[in-house]
Amino acid sequence: MNEETIKVKNLSKYFGSIKAVDNISFEVKEAEVFGFLGPNGAGKTTTINILCGLLKPTFGEAFVNGFNVLSHPKEVRASIGIIFQDPSLDERLTAYENLNFHGMVYHMPKKLRKIRIREVLDMVGLYSRKDYIVRTFSGGMKRRLEIARGLMHSPKILFLDEPTLGLDPQTRQHIWDYILDLSSREKITIFFTTHYMDEAEVCQRVAIIDYGQIIALDSPRGLEDKFGLNSLNEVFLKLTGRDIREEEADSKEILQILRRRKLR
């Protein structure tokens, strides 16, 4: 865990008068499990979209796997896997067909696609369901299949935006068992957002963003000790308050359009 796979310096993104991301800087190391936390509308998803080469920053720089996200977005996207908050599988196809299509999009040779489909479905425990239509899958199975799809092209970084949103506690635990084992075994950097503070406890480090600015960055235990509190949840509420937040309409609409485009 020596090299940085993500480097962000003075990064900003404005939507009109809205400062969705406001002059943030941080680094993420190779094979690190890094949590990016914040209330609704704090700038989490905007930051992920910039790092994935899907959205251009207004100011500042970001490098992912050594590639500048502004000047080399295709190279960035080829080197990462993305699992968005909203489901994006084609439920009319089988699990195998979904993964095969993803491999074709990434120009993977047919022989390699076949090998890799077996590998990633085994990783998430779905190989026996490879020929099942996805609409017959449970929510947890679909999420595991999305993780498998994100791994098809052997990315160095896996971005997950609320990966267990809406899942029951047992399924959430299974999903995290897969993710953490994956990071340890294949040395993949995990960058994720979540509203479940117990999930963020598994991170080596977490950054808390609010109103577009990073207001804390340390290990979960380091943050608890710094503020003299007993849990990351208490730290989060102390720093961000207890008021319910709503997403800004402008940025939400733009991000929905970007997600519908998908990766090409």
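**A close look at helix H3**

Reply: In this predicted model, helix H3, which runs over residues 95–105, has as its buried residues Ala 95, Asn 98, Leu 99, His 102 and Gly 103. Viewed along the axis of H3, these buried residues fall within an arc of 135°, and they therefore line one face of the helix. The cover over the buried residues of H3 includes two further helices, H4 (110–123) and H5 (139–151).

Met 104 also belongs to H3, but Met 104 is partly exposed, its relative accessible area being 44%, where buried would require a value under 20%. The C-alpha atom of Met 104 lies 9.9 Å from that of His 153, although 49 residues separate the two along the chain. Just after H3, the backbone at His 107 adopts a positive phi of about 60°.

Ser 154, which is not a glycine, has a positive phi of about 55°, and Ser 154 sits in the loop that joins H5 to strand S7 (157–161). With a relative accessible area of 48%, Ser 154 is partly exposed. Glu 162, likewise a residue other than glycine, has a positive phi near 50°, and its place is in the loop between S7 and helix H6 (169–186). Glu 162 is buried, however, with a relative accessible area of 3%, a value that falls under the 20% limit for a buried residue.

The buried residues of H9 are Leu 232, Val 235, Phe 236 and Thr 240. Around the helix axis they cover an arc of only 105°, which puts these residues on the same side of H9. Among the elements covering the buried residues of H9 are the strands S3 (33–37), S9 (205–210) and S10 (213–218), together with the helices H7 (197–200) and H8 (220–227). Just after H9 comes Gly 241, where phi is again positive, at about 85°.

The setting for both helices is a chain with ten helices and ten strands. The radius of gyration of the chain is 18 Å, close to the 18 Å that the globule rule gives for 264 residues, so the chain is as compact as a globular protein of that length. Of the 264 residues in the chain, 51% are buried, and among contacts with a separation of 6 or more, 69% are between residues 24 or more positions apart.

As for the surface, the chain exposes about 13200 Å², of which carbon and sulfur atoms supply 48%. The chain carries 39 positive and 36 negative charges, and the mean positions of these two sets are 7 Å apart.

Note on methods: Residues numbered from 1 in each chain as written. Predicted model: local features only at pLDDT ≥ 70, side-chain atom pairs only at ≥ 80, totals over all residues. Heavy atoms only, no water. Buried < 20%, exposed > 50% of the residue type's maximum accessible area, 1.4 Å probe, protein only. Helix = DSSP H or I, 4+ residues; strand = E, 2+ residues; numbered from the N terminus. Arc of directions from axis to C-beta. Contact = heavy atoms within 4.5 Å. Rg over C-alpha atoms; globule rule 2.2 N^0.38 Å. Areas by Shrake-Rupley, 256 points an atom, 1.4 Å probe, with all protein chains shown as cover. Lys, Arg positive; Asp, Glu negative; His and termini not counted. Charge placed at Lys NZ, Arg CZ, Asp CG, Glu CD.
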